[in-house]
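These are my notebook entries on one structure. I set down what I looked up and what I found.

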Amino acid sequence: GVLTEAERRVASPTMGRAGIGLGLAATVEGLRVTEVVQGGAAERSGKFVVDDLLLQIDGQHVTSVAEAKALIVGEEGTSVRLGIFRHSVGDISVEITRGGAPASSRPSGGASGGTSSSGPMAGEYSSWSAGQLKQALKEAGVNTAGAAEKADLVKLARDNKVPPPGTSRAGPSPGAGSRPGGGFFGFGGMGGGG
């Protein structure tokens with residue numbers, strides 16, 4: 001027997017019911033977009049902004065949130081056409097595919113951004129190279145003479161909480177580090193009078 005469209009929809013439970021991720025509120029002017037849900041179909045389309053007025057769905061005029069919801073929510077992966085009005089632009093017609101992003105549809109280019117750390121991280125001393133450790137310790141005025149192994153350098157860096165090389169604490173003061181054992185405490189010129 002041939003299934004009708006409605007029965008087929010019921011018969012395929014894998015297809016979820018989905019909206020497009022718009023928050024709506026009924027106003028005097030019409031249905032106002034109050035929220036464009038992050039990650040939803042509406043946001044991904046880039047076609048909606050808060051304060052747009054939703055006038056039509058699939059050619060049907062809508063005046064209540066309940067009406068809009070009934071027409072917007074449908075089988076995931078199917079598309080719905082919305083007529084919206086934006087004060088700065090006028091009438092806009094947008095077609096949107098319901099539901100979340102299809103996994104295969106678009107390569108997620110550059111989604112892994114956000115880790116633009118240049119150079120070693122303070123605190124992760126064991127991941128620094130021996131050269132970076134030596135440089136950082138030298139800049140911090142820590143004597144590395146007794147540190148033969150990288151492990152010793154790591155321990156020194158940890159004990160002194162040295163910042164990554166290149167981040168001087170208070171600007172390069174002339175002759176810093178040349179004073180034996182001065183570290184941060186040799187302020188010099190204290191009670192020097194003569």
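Which residues is isoleucine 84 in contact with, leaving aside its neighbours within four places in sequence? I took contact to mean heavy atoms within 4.5 Å. I found Lys47, Phe48, Asp52, Leu53, Leu54, Leu55, Gly90, Asp91, Ile92 and Val94.

**Basis of the entries.** I worked on a predicted model, in which local features need pLDDT of at least 70 and side-chain atom pairs count only at pLDDT 80 or more, while totals for chains, interfaces and linings use all residues. Residues are numbered from 1 along each chain as its sequence is written, and side-chain values use heavy atoms, with hydrogens and water left out.

**Strand S7.** I placed isoleucine 84 in strand S7. Isoleucine 84 counts as buried because its relative accessibility is 1%; buried means under 20% relative accessible area, exposed over 50%, and partly exposed in between (1.4 Å probe, protein chains only). With 18% relative accessibility, arginine 86 counts as buried. Not counting residues up to four places away in sequence, arginine 86 touches Lys47, Phe48, Val49, Asp52 and Ile92.

**Chain as a whole.** I noted 5 helices and 8 strands, taking helices (H or I, at least four residues) and strands (E, at least two) as DSSP runs numbered from the N terminus. Their order from the N terminus is α-β-β-β-α-β-β-α-β-β-β-α-α. The chain has 194 residues, of which 25% count as buried. Of the contacts between residues at least 6 apart in sequence, 48% join residues at least 24 apart. The chain exposes about 12,700 Å², with 54% supplied by carbon and sulfur atoms; the areas come from the Shrake-Rupley method with a 1.4 Å probe, and for residues only the protein chains shown count as cover.

**Aromatic rings.** My search of the whole structure gave 1 aromatic pair. Tyrosine 125 and tryptophan 128 form this pair, which is edge-to-face, at 4.9 Å centre to centre and 70 degrees between the planes. Rings of Phe, Tyr and Trp (its six-membered ring) pair if their centres lie within 6.5 Å; planes under 30 degrees apart count as stacked, over 60 as edge-to-face and the rest as tilted. I found both tyrosine 125 and tryptophan 128 buried.

**Positive phi.** I recall that most residues other than glycine have a negative phi. Aspartate 51, not a glycine, has a positive phi of about 90 degrees. Aspartate 51 sits in the loop between helix H2 (41-45) and strand S4 (53-57), and it counts as partly exposed because its relative accessibility is 41%. Lysine 161 likewise has a positive phi, near 50 degrees. I located lysine 161 in the segment after helix H5 (150-160); at 61% relative accessibility, lysine 161 counts as exposed.
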